[in-house]
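Trainee: Could you show me how to read salt bridges in a model?
Mentor: Gladly, let us look at one together.

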There are 2 protein chains.
Amino acid sequence: MHSSIRIKTIAVLGGTGREGRGLALRWARAGYHVVIGGRDLVRAETTATTLREKLDPMTRISGALNLSAAQQADVIVLAVPFAAQLETALQVRSGLEGKVLIDVTVPLVPPKVEVAQLPGGSAVERLQAALGPEVAVVSAFQNVSAHHLADLDHAIDCDVLICADDDRAAQTAVELAEAAGLQGWRCGPLKNSLVTEGLTSLLIAINRRYKVPSAGIRITGVPTGAH
Amino acid sequence: MHSSIRIKTIAVLGGTGREGRGLALRWARAGYHVVIGGRDLVRAETTATTLREKLDPMTRISGALNLSAAQQADVIVLAVPFAAQLETALQVRSGLEGKVLIDVTVPLVPPKVEVAQLPGGSAVERLQAALGPEVAVVSAFQNVSAHHLADLDHAIDCDVLICADDDRAAQTAVELAEAAGLQGWRCGPLKNSLVTEGLTSLLIAINRRYKVPSAGIRITGVPTGAH
């Protein structure tokens with residue numbers, strides 16, 4: 001797979017959270033410069049240090065406030081809780097101009113996180129509308145558990161479903177899925193993110209019923225050469 | 001897995017269509033008495049005969065009008081096009097009383113069938129509301145392609161996602177998934193069917209982009225013993 005942008009630096013906003021940490025860890029291992037973005041600079045730096053200790057000491061991973069992280073990056077990944085999604089993105093809006101934003105947000109509404117809550121469309125469409133067309137938003141990584149991402153010693157038995165209206169954004173997500181050791185699948189327009197966001201609730205329902213830590217999904221029926 | 005009802009006869013409404021035929025074929029092979037329901041008696045009978053010819057000549061598979069099929073069955077499977085879903089179910093309502101109805105409907109809206117169209121909730125919730133609480137509706141089988149179901153010589157590399165509010169209905173779908181040679185997963189309440197219905201559009205998007213006939217999905221991360 002080719003990407004139409006050259007990715008050097010990835011900002012992970014919400015990189016101090018579990019999902020963001022897991023993604024940051026894998027991308028840093030793959031050789032990208034990763035900037036952990038957070039609301040608290042000390043916590044962001046501490047997270048960067050903790051992750052570096054799991055990797056080669058020379059791994060390029062740093063901490064910054066969310067806005068600074070976005071400004072430094074070619075690609076920005078939004079991995080904050082649903083309740084903070086819009087606010088965080090709008091706060092760093094000036095650092096997103098002309099760039100690709102990968103939204104990992106799952107619209108879970110506690111306490112019933114095992115029930116898909118999608119009133120009026122997907123969370124990512126709302127985000128794209130708020131940011132405007134100068135930011136190319138792509139939806140991806142919602143279904144990959146932080147539990148698996150953190151475990152560098154095992155292959156992850158879960159695919160990445162990617163929804164985007166922008167081709168460059170979609171290809172960026174495909175590249176970063178592969179860099180994280182995952183298979184990315186282009187699943188149609190941003191509107192289809194309604195399904196991938198909601199799917200996380202179904203996986204949580206499966207976790208609870210079958211008493212497992214983190215069920216995942218795989219796409220079947222596509223020969224390896226067709227990717 | 002246990003089932004809380006003893007299933008002997010399954011009616012497949014829309015059993016003359018591709019998806020219905022495929023399911024009927026597999027359940028007949030598994031030993032259930034299958035009644036192909038249709039709007040046209042001759043066509044229903046012809047379909048039953050065609051399917052029987054693929055199996056043992058003594059296989060119990062017959063054709064009937066939709067209402068008669070429903071009346072004869074312990075479990076009714078609704079496999080008609082989205083546009084006919086509500087009308088068909090209401091026409092046979094008297095044959096559904098106290099029974100389990102498995103809804104296979106995918107709310108595809110041509111021509112953009114690769115875009116999830118879910119205005120205001122899932123198709124199956126609308127169906128349950130129209131039928132009332134005396135019919136236990138369960139959503140299942142939306143993501144298994146007719147292409148695979150018709151091919152009895154190969155194992156199907158696709159799972160069945162099951163959403164239900166009623167435990168007996170959910171267990172019935174689990175049993176019939178297994179009878180069709182598939183793994184069924186209980187994925188939470190009927191409301192989560194929004195996701196499984198929409199997922200078919202994502203699989204169609206994958207079929208088109210990667211040029212394959214019928215992509216599917218698998219649930220991962222659950223050891224065999226946990227089912």
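Mentor: What follows is a short tour of the salt bridges. This is a predicted model, in which local features need pLDDT of at least 70, side-chain atom pairs count only at pLDDT 80 or more, and totals for chains, interfaces and linings use all residues. Residues are numbered from 1 along each chain as its sequence is written, chains are lettered from A and ligands numbered from 1 in the order in which they are written, and side-chain values use heavy atoms, with hydrogens and water left out.

Trainee: Which residues are linked in a network?
Mentor: Arg93(A), Glu97(A) and Glu134(A) are. Between Arg93(A) and Glu134(A), the closest N and O atoms are 3.2 Å apart. The two residues sit 41 residues apart, in distant parts of the chain.

Trainee: Is Arg186(B) buried or exposed?
Mentor: Buried means under 20% relative accessible area, exposed over 50%, and partly exposed in between (1.4 Å probe, protein chains only). Arg186(B) is buried at 9%. Its salt-bridge partner is Asp167(B), at 2.7 Å from N to O, and Asp167(B) is partly exposed at 42%.

Trainee: Where does Arg208(A) come in?
Mentor: Arg208(A) forms a salt bridge with Glu114(A) at 3.0 Å, N to O. Arg208(A) is partly exposed, with 47% relative accessibility.

Conventions: A salt bridge is a side-chain nitrogen of Lys or Arg within 4 Å of a carboxyl oxygen of Asp or Glu. Helices (H or I, at least four residues) and strands (E, at least two) are DSSP runs, numbered from the N terminus.
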